[in-house]
Amino acid sequence: MLESLQKNAEKALSELQNVTDTTSLKEWRSQNLGKESVIMQTLGNLGGLPTSERPVIGRQANNIRQNLETAFQKRIDQLRDSASETLPTASLDVTLPGRPVQHGRLHIVTQTMRRIYAIWADMGFQIYRSPDVETDEYNFELLNIPKHHPARDMWDTFHTDTPGIILRTHTSPGQIHAMREYCPNPIRVILPGMCYRYEQITARSEIQFNQVEGLAIGQNIRFTDLKGTLSDFARRMFSANTATRFRASHFPFTEPSAEMDVECFLCSGGGCSVCKHTGWLEILGCGMVHPTVLENGGYNPREFTGFAFGMGPERITMLKYGIKDIRYFWGNDLRFLEQF
Ligand code: PHE
C-alpha cells in the first residue's frame with residue numbers, strides 16, 4: 001500500500017512540472033490533493049486499517065501529502081516569477097497608452113439653453129417645468145385667445161384623438177400653471193421646453209422646436225422693467241455693448257406687446273445677409289401680462305402687474321453660428337453635431 005502511495009506521488013510530482021497555467025494548476029490540485037484524491041482517501045480511511053498498521057501508514061501518508069502541498073506552492077511561485085519575467089518581451093505591450101474613450105457632447109441647442117438658464121438664474125429667475133401635452137384651455141383660452149379668434153391662426157396646432165388635448169404650440173400655457181401655483185406671491189420664472197406646430201418643414205420652420213418663456217409678476221412691475229431686464233439679458237447673452245430695440249407687436253396675452261431686436265452681432269449693425277441688411281436681428285416676443293391673463297392665473301390685475309417674454313433658442317443658435325437651416329438640429333448628422 002505504501003509503495004503504491006509513493007508511486008502515485010512521484011507521478012503527480014513529475015506531472016506538476018508540466019503544468020504551466022492556472023487552470024491546469026487548479027486541476028492538478030483537485031486531482032492530487034482534493035477530497036477524491038488517493039492520498040486524501042487514504043488518510044480518511046485510516047480508521048478502517050488494523051491498529052498495528054495505522055501509525056506507520058498514517059505518518060507516511062501525511063508526509064506524502066505535505067510533500068505534494070509544498071511542491072504545489074513552489075510551482076505557483078515559479079509560474080508567477082516566470083510570468084513577470086516574460087511580460088516585457090511578450091506580445092502584449094503594457095506600456096502602450098490605452099484606447100481613448102470617445103467623449104459625447106451636449107447638443108448645441110442644449111448648450112445655448114443652459115447658457116440662457118445661467119443668465120436668468122443670475123437675475124433671480126427659477127426654472128419652472130410645464131407639460132408638453134396641454135389642453136386647448138391652457139394653450140389658448142386662458143391666454144385670452146378664445147375659439148374662432150383670428151389670433152389662433154398664429155399657431156398651427158397638433159390635435160390628439162381626445163378632443164381638447166393638444167401639443168403645446170408655445171411655452172406660454174406654463175404662465176398659467178406657474179401663476180396658479182404661486183398666487184398670490186410674486187413670481188420670477190423661466191419656462192423652457194419643446195413646442196410643436198403643424199407646419200410645413202422648411203429651412204426656417206420645424207414641427208418641433210424649443211422656447212424659453214419668462215414670467216415676472218409682482219407689484220409695480222412696469223414696461224421699463226421689461227425693457228431693462230431684457231436689454232440686460234441681451235448684453236449678457238451676446239456682448240456687453242449689444243444694442244437693443246423694441247418694436248410694437250401683438251400677442252393676445254400681453255398688452256402692450258413688443259418684439260425685441262438686437263443689433264446684428266455679425267456685422268455690428270452695418271448690414272449683412274443674415275440681418276437682411278437691416279442691422280437688426282429679431283430674437284424674442286414680449287409684453288406686459290394682459291389683465292385677463294393675470295385674472296385667469298388668480299391675481300388681481302388692480303394690484304399686480306408683470307411682464308412675459310418668449311424666445312427661440314434654435315433661432316438664437318442659428319444667428320450666433322451662422323447656421324442656415326433649422327433642420328440640421330434634429331437631423332442627427334454627426335458632421336453637423338461634432339462642430340460644437
Ligand atoms: N408665445 C409667443 C409665441 O410663441 C411668444 C411670447 C411669449 C410673446 C410671451 C409674448 C410673451 O410666439
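I began at P256, which is placed in strand β7 (residues 254-263); helices (H or I, at least four residues) and strands (E, at least two) are DSSP runs, numbered from the N terminus. The peptide bond from E255 to P256 is cis, with omega near -5 degrees.

This is a predicted model, in which local features need pLDDT of at least 70 and side-chain atom pairs pLDDT 80 or more, while totals for chains, interfaces and linings use all residues. Residues are numbered from 1 along each chain as its sequence is written, and side-chain values use heavy atoms, without hydrogens and water.

P184 is in the loop between α7 (173-182) and β4 (187-196).

Next I checked phi. For K276 phi is near 50 degrees, positive in a residue other than glycine. K276 lies in the loop between β7 and β8 and is exposed, at 57% relative accessible area (exposed is over 50%, buried under 20%, partly exposed in between; 1.4 Å probe, protein chains only). Most residues other than glycine have a negative phi, and most peptide bonds are trans.

Then I turned to the ligand. I found 15 residues around the ligand, with H170, S172, R197, Q211 and E213 the closest (a residue counts if one of its heavy atoms lies within 4 Å). A ligand nitrogen is 2.8 Å from a side-chain N or O atom of S172, and a ligand oxygen is 3.1 Å from one of R197. β9 (305-311) is among the strands supplying at least two shell residues; β9 gives the most, three.

Terms used: A polar contact is a pair of N or O atoms within 3.5 Å; within protein, one must be able to donate a hydrogen and the other to accept it, and residues adjacent in sequence count only if both atoms are side-chain atoms.
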